[in-house]
Amino acid sequence: MKHSKISRLPAFLPILALLLLPVRTHALELADITERDGGDGGLVVLVEPVDTALAQQLAGTDRHLTVLLSADAAKVTQWDEALGVAGAHPNADALHWRTPAVLPFQSNLVNVLVLDRATAARLGEDEVRRVLVPGHGFALIDGHEFRQPRPEGMDVWLGYGRDGSGNRASRDTELQPPNSIQWLMGPRDVRGNDPHMISDRFHIIHHGWYQGEKFGEVFPGGRSDLFVRDAFNGITRWSMPHNGGSDFPWGMMAFSDGRRHYQVKNNHRRTMEIRDLATGEVVQENLRHLKWAEHFGDEENPRSVRMARRPESFSMRVFTDGTRIYHLDGGNIIRAMSLDGQDLLWEHTLPDGEYSDMGAIDGDALAVVVSSTYDYPVASNRNQRDNTNIAKAIMGLDPATGELRWRYDGVEGYPLFYFTVDHGFVVASAHLDSPGSARDNRPHSTRPTLDQVAGNILVSLDAATGREHFKRTDFSDLRNDSLRQNLNVFPDRIVINEERLAYVVDVRTGETLHARIDLGGPRNGWNATTPNWIISNGLFVSHDGSETHDAGVRITWPQYSSFSKPANGMFYVPPGLETIHGSSHVGLMTALVHEDLPSPLADDQRLIVSGQASGSLPATGDWHALRADHQRSGYNPVDGPASLDLAWTAQVDIPSQEGNMAEGRQLNNAIPGALTPAVIDSQRVLVAGVDDHRLICYDLTNGSERWSLRLGGRMVGPPTLAGEVAFVGVNDGTVSAVNLSDGSIIWTFLAAPYERLLSAHHQLESTHPVFPPVLHNGTLYVNAGRHGYADNGIFVWGLNPADGSVRSKTNVKNDHVNDLMQVVGERLRIVNTDLNPETLAASDADRRAAPNVFLQTGGKVGGAGWIRPHIGWRGYQMNSESDSSGGGLVTLMADGFASYTRGRFHEYAFNDLSNSRKEIEVGDISDPQVAGAGRYHYVAGREAGRGAERAIRLAVIDTEAGNVSARFEIPAEAREQVVTDGVSIAHGHVIVTTTAGRVLAFRAP
C-alpha cells in the first residue's frame, strides 16, 4: 500500500522532536493504551517489553490482538511459556524479530506500536509510520504519543452504494492494482446479503447462515451475524450473533455514517435500530418516525407482500448523508429525521397516485424517483431486471426543509434501474430485457399499457436545477443494448461496466468517449470503479483503455461482484459461495493492497537454526504424511484392524471459544479449529494444535504425552515423518526438522522470501505460510506462499533433509492458489502446476496437461478455505460426487479409487470409471472423513441428524467381504466433528482427531 510521506503538521510530531522530550519512567499500563485508542481495540505491538503483564491485560479485554516482539529468541520462548500459562494465547503471542532493521508487518497494519526511543531512532520515522494504521494508529515512544495521519486520497464505503448518493464509484486515489494480501478472514460462505461496508476505521459485515444440514449442524436453527472488524487488519472489534435469521435482516437494509450502524429489521412493519460502531451498543431502536405506507406489506396485495420481504427493495429507500436520515416509505411520504431517529425534521407528501421510490443525496442536492404504480410499490431498483414499477418523474427537494425545488418528467414510462446524485449531477438509467416481462396477466387500473413500457434510457440532470444535460436511448455499441451493469458517475464522465466490456460517456453531453473497452475474463467478476481504474473480472483497466494491469489482481474470485469495494487504499473482496471454485482462488473475506514488497533474502540468510538430522525413509506401514503418503492417497497398503475398540483418548487444550476474538475465529473456520490430522509411526502419534501452535507427540500404545513443542504459528497439516525426524511446515513461513525422540529442533529454514506478516484468522502469519512438506528421492520439497500472483508468488524449495541446505528452488507465478504439494509419478504438483523435481522449473502447457488422476472433494485444508485436490496415478481425471460439506471422501489405491457418498461406499477401477466394482451400504454419517488400509476402509463422522450433540461414528468396511465389519460410536460435544482428513491408520491403530481437541485411538479388541 502506498503510505503518506512524513507529515510535518504540529499534531503529528516527528520522532526527532520526540527524542528531545524527557524520558517517562512510569511503567506503561492498560489504561495508557485503552484511553488513547478509545477502547476500540485492534493490533498492539510491544517491542522489547520488560515482561508479559501488559500483553496479558490486553488479551483479557477481548478487543486486542497483542504481539510481543524481540530479537532475543530466548526471551520469546520465555514469554511464550508465560502467555500460555496465563491462558492468553492466541489473543497474545510472542514473535522472534529476526530482521530488526525493519518491522516485520504489512504497511498500515498496526493500531498501536509501543517502543523505546532508541529503537524508534534506529528504525527511522518512515519505517514507524509505514506500519501504523492511517488516521487512527499511533506509536507510544517512551510514553510519548506519535500519531499517523490519514492520506486525503483514501475513500470510504458506507452502504450498498458508496454512500447516500447511490453512486457505486470510489474516490480512492491511493488504490493501485494490488500485489499483496493485507488480511484475510472468514466467513467462508457469503450470500447476496452482505453489505460489506467499510468506513475509515471499521469493516462492517452482515452474514446470514442458512438453515440446512451443513449449517444446521454448526449453528442449529440458522442464524445471522453482524460483526465489525478493523478495516486495516480485519481484527474483530465486536460481533453480534443473532439466532433466527428471520428477525435479523439481510445486508442491503443496512447503512452507516462511519460512526453509527443503521439497520432496518426484518419484521413485518420494518423497524430500525442504530448501533455505535465502536462498541456495538444499541443507541436507538424502533424509531417512531420510521413508518411505512399503509399498503406496504398488505396481505390483500400479494405482490406488495412479496416485495416487502425482499431486502434489496430497501437499498435506496433509507439512507443518510451524515446529517439526517432520509426515508421513502413506499407510499407518498418522504421524511427526514435526526441522526438519532428521534426528531422528525420535515415531511413531504406526494400527490395522490404518486409513490416514493428510489432516493439519493449528495451535499445540498436530494433527488427522488416518483413512481406511478401502486401494486408494486418497492420494486424499482437495479436489482430487479423484470422491473414493473414504472417511473413518473424525478423530483429535487431541499434536504434541509423538504421543499420541492424542481421536477423532471422526461423519465415517465421508464422502469428506472440505476439512480444516483453525485458531483452535482442526477443520473438515471433504465434497462428492460423484455418489455413483456414487465407485465403480468392480472389487470390493474394503475398499470401502464405495454406500449408505455420503455427499454433503455440514460439521463443526466443538473442536481441543483433539474435542467437536462442529455437524454440518450441509443446504445448500439453496448452488448445487448444493456444498461443493467454498474453505472458510475464522476465529475466529467459516466462509466458503465457491461459484462466483459466498459463504456464511457461525457456526463454533460452524453458523447461517447470510449466504447467497448475490453475488460476480459468471464462475466460476473469484480465490478467497481475508481477515479483511475475500471475494475472488473480481475483486471484493473484505465478509463480510456490505455493501461491494463493483470498480475497481482486475480487473487480471489467473489461470487457476488457487487460487494467488492475499493476503500482505504485497498480492495475488499468477499469470498465465493460456500467455498472457492476449481480455478483455486483464495476463498475468504480478503483485503488486497498495493505494497512495496521487500527483496527476497539470500539463501545463506535462511537457516535460522543449524544442525544435522540423521534419519531414514519412512517404514512400510507408517502413516507418515498428511493423507498417508506423499501422493496424498489416503490409503495404507497394509491391512488395518477388522474390528475396533477404543484404546485411549487424549485431550488437547484448545483456546477458549468465548468472546469477540474467538467468535471471529469461529466464523473464519466455520467450526472451532483444534487439531490437524494425525501421522503415525511404529511408536508415536503426532498431531498439531492449529490455534495453539503446538506439535504434540503421543505414545502409540497408551496415549501418554511424550513431548510437545510450540512453534511460531498455525499449522495447516501435520508434520512429515522420516525415521527419527519430523519435518513440519508452519504459517510463520518456516519449515523445521524436529527430533522425534525429545521434540528438540534440529534445524529451521525460512521458506518465505522475507519476514513480512499479515493478519489471518485473527492471528499474525507470514505472507508465505508453509504447507506440509514432501520427501521424494532423498530431497525435502517445501512450498511457501498463498497465491501465484500475491506477494511475489509461491516459493518452492528442494532442501537437504539432513541440514536444511538448499539444493534447488523456484518462484512460481501463476493464476493459482498455493496448496498441498504431491508426488505424481516422478513429478511434483501443486494443484495445476507441475514441477520438475530436479530443477523445480514449472512445466510447459503440454506437461501441465499430462495424464494424471485429479480427484477433488471440496474439503478445506486446515480450515483455510481452499479446495483440496487429491492427485494420484494413471491417466484419468474426474471429480467425486460429494459437495463441499463432505471433506476427505476419496482414497487412491494402486488400481483404482474409493469414495463414500450419500451413505454408500463405492470402489472404482481406473480402467472402468463408469461402473463401481463394489458398492456397500454403510449408512448416513454426516460430515464424513474416509481413509483406507489394505482390504478395509474407515468412515468417521457425526451421527446423522440435526441435533447439536450427536455421537461420533466410525464404521469399518470390509471391501473383500462387501459388508460393514464393525461399527463404533462414542459421545460427542456440541458442534464436535472429525477434522478434515482426520482418519489415519497404521500399525493396527485407527486414529481420529476432532474439532473439540480430542485424539481418539482405536485398535482391535
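The largest pocket of this predicted model has a volume of about 960 Å³. A pocket here is an open set of points on a 1 Å grid over the protein atoms alone, with protein on both sides within 12 Å along at least five of seven lines; its volume is the space filled by probe spheres set on the points, which are joined across faces, edges and corners. Lining residues, those with an atom within 4 Å of a point, number 44, and Val-76, Asp-80, Arg-710, Leu-711 and Gly-712 lie nearest the centre. The helix α4 (73-85) gives the largest share of the lining, eight residues. Among the other elements that give two or more are β3 (92-96), β45 (705-710) and β51 (763-766). By type, the lining divides into 22 nonpolar, 11 polar and 11 charged residues, with Asp, Glu, Lys and Arg counted as charged, Ala, Val, Leu, Ile, Met, Phe, Trp, Tyr, Cys and Pro as nonpolar, and the others, Gly among them, as polar.

Before going on, a word on conventions. Residues are numbered from 1 along each chain as its sequence is written. Local features need pLDDT of at least 70 and side-chain atom pairs count only at pLDDT 80 or more, while totals for chains, interfaces and linings use all residues, and side-chain values use heavy atoms, with hydrogens and water left out.

Most residues other than glycine have a negative phi, and most peptide bonds are trans. In the loop between α4 and β3 sits Pro-90, joined to His-89 by a cis peptide bond with omega about -5°. His-762, in the loop between β50 (757-760) and β51, has a positive phi of about 60°. This histidine counts as buried because its relative accessibility is 0%, the cut-off being under 20% with a 1.4 Å probe and protein chains only.

Now to the nonpolar cores, sets of buried Ala, Val, Leu, Ile, Met, Phe, Trp, Tyr and Cys residues joined through side-chain atoms within 4.5 Å. The largest has 38 residues, of which Tyr-698, Tyr-938, Val-983 and Val-990 touch the most other members. Beyond its neighbours within four places in sequence, Val-990 is in contact (heavy atoms within 4.5 Å) with residues including Pro-641, Leu-644 and Phe-1002. A second, separate core of 26 residues includes Val-47, Leu-69, Leu-103 and Ala-139.

Stepping back, 65% of the 1005 residues of the chain count as buried. The secondary structure comes to 10 helices and 71 strands, taken as DSSP runs numbered from the N terminus (H or I, at least four residues, for helices; E, at least two, for strands).

Notes
1 Å grid on protein atoms, 1.4 Å probe; cavity = no way out; pocket = protein on both sides within 12 Å on 5 of 7 lines; lining within 4 Å. Buried < 20%, exposed > 50% of the residue type's maximum accessible area, 1.4 Å probe, protein only.
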